[in-house]
Amino acid sequence: METDLAKVKQAMLGNWESIAPEVRPSAAKNPDGSLKPFYLKRAFKYLQSDRFELEIVNSADPYGAVPLARIRIGGHMLWQGPHPIAPGAQKVDFVADESYEVTPLAQGFADILNKVASAGYAPWAVNAPQSIFGKAFAPFALKEGTNFMEYDLAYLRGDLLFWGARNVDGRGFDTEQNRPTNLQIPLVRK
């Protein structure tokens with residue numbers, strides 16, 4: 001596999017998308033203490049100057065038939081050097097320093113947001129996006145005046161783009177110590 005970072009970046013330019021709906025562990029728990037599953041589909045654009053755009057559609061079901069929310073994030077990728085998971089893999093920090101937007105796609109989700117994230121926002125409504133960029137947003141543990149950032153990884157193999165698999169205990173990639181150590185289901189070139 002390609003290990004020269006400049007060549008990896010060049011090969012990554014373009015559009016990528018989920019092969020199928022993905023499942024991840026969430027930090028939320030079921031009554032029995034097990035982690036609730038979290039279903040999503042991703043569409044990712046890697047652009048010049050280490051910029052990215054990411055769209056995530058969260059669903060209530062494993063087939064993606066009942067979408068709950070659309071999340072759009074824009075920002076920069078900070079390349080931090082090789083990752084030991086595979087030759088050519090790179091440690092990458094994703095920083096949402098340009099945009100962060102949430103759109104409820106189901107009334108139930110809008111209702112929840114109106115209870116837990118109403119301060120500083122217009123009433124949440126289905127198909128009405130709102131910027132959460134730089135604002136406090138309790139559902140995602142965002143603090144006012146800070147940019148969302150994840151300590152992740154990227155590994156390109158042909159037309160498959162891998163990021164890190166979520167920690168099985170639901171921990172986010174919020175510190176270097178929580179950077180992933182395994183590969184997630186890949187995105188495919190669109």
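Which residue lies over the face of Phe 173, and at what distance from the ring centre? Select Phe 173 in this predicted model and bring up the side chains around the ring: the residue over its face is Arg 166, at 4.2 Å from the ring centre.

Next, turn to the aromatic rings, for which a search of the whole structure finds 13 pairs. Select Tyr 46 together with Trp 79, one of these pairs, and view the two rings side-on, where the arrangement is edge-to-face, with 6.2 Å from centre to centre and 80° between the planes. Colouring by secondary structure places Tyr 46 in strand 3, residues 35-47, and Trp 79 in strand 5, residues 67-82, so the pair ties together parts of the chain that are 33 residues apart in sequence.

The last stop is His 83, which you will find in the loop between strand 5 and strand 6, the latter covering residues 90-104. Although this residue sits in a loop, His 83 counts as buried because its relative accessible area is 8%, against a cut-off of under 20%. Follow the side chain of His 83 to the backbone nitrogen of Ile 85, which the side chain reaches at 3.1 Å. Finally, show the residues in contact with His 83 and leave aside its neighbours within four places in sequence: what remains is Ala 89, Gln 90, Lys 91, Leu 153, Arg 179, Pro 180 and Thr 181.

Definitions and conventions. Residues numbered from 1 in each chain as written. Predicted model: local features only at pLDDT ≥ 70, side-chain atom pairs only at ≥ 80, totals over all residues. Heavy atoms only, no water. Phe/Tyr/Trp six-rings, centres within 6.5 Å; stacked < 30°, edge-to-face > 60°. Helix = DSSP H or I, 4+ residues; strand = E, 2+ residues; numbered from the N terminus. Lys NZ or Arg CZ within 6 Å of the ring centre and 35° of its normal. Buried < 20%, exposed > 50% of the residue type's maximum accessible area, 1.4 Å probe, protein only. Polar contact = N/O pair within 3.5 Å; in protein donor to acceptor, adjacent residues only side chain to side chain. Contact = heavy atoms within 4.5 Å.
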